[in-house]
Amino acid sequence: MSSPTSDSPATSAAPTIPSIAEVAATVASHPVMAVVRTGTTEEARSQCEQFLAAGIRLLEITFSVPDAVELTREMLREAPPEVHVGMGTVTDAARAEQAVAVGAAFVVSPNCSPDVAPIAR
């Protein structure tokens with residue numbers, strides 16, 4: 001196994017998270033959000049690709065999808081810059097921290113958790 005070079009860093013750069021204003025502008029101009037919630041990573045990936053091909057600009061990947069964090073990371077790399085990828089079913093602080101760390105543009109929570117709000121801000 002080769003060691004990292006200056007062309008291939010050992011760790012990836014911190015994700016660039018869009019501002020609230022950027023996401024709000026996308027919501028105003030493209031008010032449809034695709035929610036990816038399925039039982040397999042493969043089906044979720046396929047749904048994401050289909051939504052992106054259809055021109056969806058807001059994509060929510062729920063934590064109920066197996067490997068949701070890794071899939072979100074992949075979609076953030078693959079989606080055009082005008083697409084905002086977020087995470088849903090964010091029910092606790094640990095999930096909120098994972099969503100923010102991966103670079104999710106937004107989080108969706110099915111409840112009002114005092115642990116999630118400060119992290120997601």
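**Salt bridges and their surroundings**

Modeller: The structure holds 2 salt bridges, each a side-chain nitrogen of Lys or Arg within 4 Å of a carboxyl oxygen of Asp or Glu. The model is predicted, with local features requiring pLDDT of at least 70 and side-chain atom pairs pLDDT 80 or more, while totals for chains, interfaces and linings use all residues. Residues are numbered from 1 along each chain as its sequence is written, and side-chain values use heavy atoms, without hydrogens or water.

Glu 74 is buried at 14% relative accessible area, whereas Arg 45 is partly exposed at 23% (buried: under 20%; exposed: over 50%; partly exposed: in between; 1.4 Å probe, protein chains only).

The other salt bridge pairs Arg 73 with Glu 70 at 2.7 Å, N to O. These residues are separated by about one helical turn because they stand 3 residues apart in helix α3. Both are partly exposed: Arg 73 has a relative accessible area of 34% and Glu 70 one of 33%.

The largest nonpolar core has 23 residues (buried Ala, Val, Leu, Ile, Met, Phe, Trp, Tyr and Cys joined through side-chain atoms within 4.5 Å), and α3 provides its largest share, 4 residues.

Note on methods. Helix = DSSP H or I, 4+ residues; strand = E, 2+ residues; numbered from the N terminus.
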